[in-house]
Amino acid sequence: MLKNHSPWIHQLKRTRPAVALDKDAETDVVVVGGGIAGIATAYFLLKETNKRVLLLEADKIAHGASGHNAGQITSYFERPIHDIAKEFGLTMAIAGQRAVESAWTLIDQMMADAGLKTPLYRFTGYAGCTGWDDLETVLKNNACRLKRGLPIESILVAKEFDHLNDIPKMYRDLYSVAPQSDILGLLETNNPDYIASFSYQKGCTNSALLCEELLAYLASAFKDRFSFFEQSPVKTVILRDIGGVVKVGDFTILCERIVLCTNGFTHFTIQNLCGSEVDTSFHHSVHGRIGYMAGYVEPLDNPPTAISYFLKENDISGDPTGDAYFYLTRRPHEHEEKKNIPHNLICTGGPEKVLPNMAVYSRDDELSEEYREKIDMFLRQNYRKYPGEPTEYAFSWHGLMGYTPNGIRRVGAEPCNPVLLYNLGCNGVGILPSIYGGKRIAQIVRGDTLEPSIFDPRGK
């Protein structure tokens, strides 16, 4: 068995003590959750409003999904845009995609404004597919993007693809044909199963380190309006006609607004004292998936990258959704045992397990060898630089992801009482949506008039 050892938490080397809430308090906005969503929300509230902000974290800052991920920054939904368009219409679907992509600019502004030193690498990332279904999905997405003036993904289809001539003519301007060897080169694989590659902007960073550094900036720059407390789990949220109450243990916080910035799981009660009862059933419908990852170091011979691999259906992931999907991120890393020799850290994930409804996830749980073996098998079959067995993993870890029922982040006011707001739902690709969500929450609190969005919370 392997302990849950994340490279992002390891790099924190944290010495700051955790300070819990120890008295009653009053503030303007309470932010619940100390991951990338909560920290980004606090940042935009402080920068763009005059509100006082108090942030609560049940455990430690960025020790949840923000400290137990693969480090990828991507702008896609884990749901096809053309499918989102069926639910919301094409205009709103593309506006939602454009909003997430706007977070690239927001994160640049955040890094420059706060003078953050956490490395953030940006590059063209890739994805590879082995069959027509995945290729058709991306072609449909490109058609939607093109109709509303959003840049399309670059798609290369292998000239050796058996069904190349069967691709419908309406897609002919949305892809190019190339030798399969070129596609395999982009995907850094020798596996001949891949018949197409897709490329778009991606990145990678240590989101835990980013959160910790941004928190320090907020605590220094807004010391008169910002406070935060760790190991302070919320017990009850009470919504009034004007303002609300947050109860943490024996202590009470009075506030104007409350923002939930979590994966979606709430182990506390929400009471609405005016209007309809808040439908908390959706909190329980935000189902959890435990993602398993591993990382090893290799010489610093190649630049940073992020690659996704859509495998054949009967392959090795064991994904509960039926999708055979793995991902690989490569970035520079200081290896403690070889400090004078630069190395890359290769992070790989894909195996997942559904968290049973209402079950409690524990980050202290060890990893079964089964998950490492799945990652081993994927690497042997798909990553051409994989050194082969035995591989010594410097890190093996798991993290909890919260998936909303429709796979779209919830950002906005609770329909039953706007005192409560949401910026929640990891949905597997959380960094950019979390940052955009923080910006939108600040706009709402500031009183801006916003267009309807696919992210808006909806009532029963």
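Analyst: Rings of Phe, Tyr and Trp pair if their centres lie within 6.5 Å. By that rule, ring pairs link Tyr194, Tyr309, Phe326 and Phe378 into a cluster. Keep in mind that the model is predicted.

User: How many aromatic pairs does the structure hold?

Analyst: There are 14 aromatic pairs.

User: Take Tyr194 and Tyr309. What is the geometry of their rings?

Analyst: The ring centres are 5.8 Å apart and the planes sit at 65°. Over 60 degrees counts as edge-to-face, so this pair is edge-to-face.

User: And where do the two sit in the chain?

Analyst: Tyr194 is in the loop between α6 (180-187) and β8 (196-205). Tyr309 is in strand β16 (residues 305-310).

User: OK, next pair. What about Tyr296 and Tyr393?

Analyst: Edge-to-face again, with centres 6.2 Å apart and planes at 75°. Tyr296 lies in strand β15 (residues 287-299), and Tyr393 in the loop between α9 (369-382) and β19 (395-403). The pair therefore ties together parts 97 residues apart in sequence.

User: How accessible is Tyr296, and how about Tyr393?

Analyst: Tyr296 has 2% relative accessibility, so it counts as buried. Tyr393 is buried too, with a relative accessible area of 12%.

User: Switching topic: which Arg residues lie over a Tyr face?

Analyst: Arg145 lies over the face of Tyr200, 4.7 Å from the ring centre. Arg289 lies over the face of Tyr403, at 3.9 Å from the ring centre.

Conventions:
Residues numbered from 1 in each chain as written. Predicted model: local features only at pLDDT ≥ 70, side-chain atom pairs only at ≥ 80, totals over all residues. Heavy atoms only, no water. Phe/Tyr/Trp six-rings, centres within 6.5 Å; stacked < 30°, edge-to-face > 60°. Helix = DSSP H or I, 4+ residues; strand = E, 2+ residues; numbered from the N terminus. Buried < 20%, exposed > 50% of the residue type's maximum accessible area, 1.4 Å probe, protein only. Lys NZ or Arg CZ within 6 Å of the ring centre and 35° of its normal.
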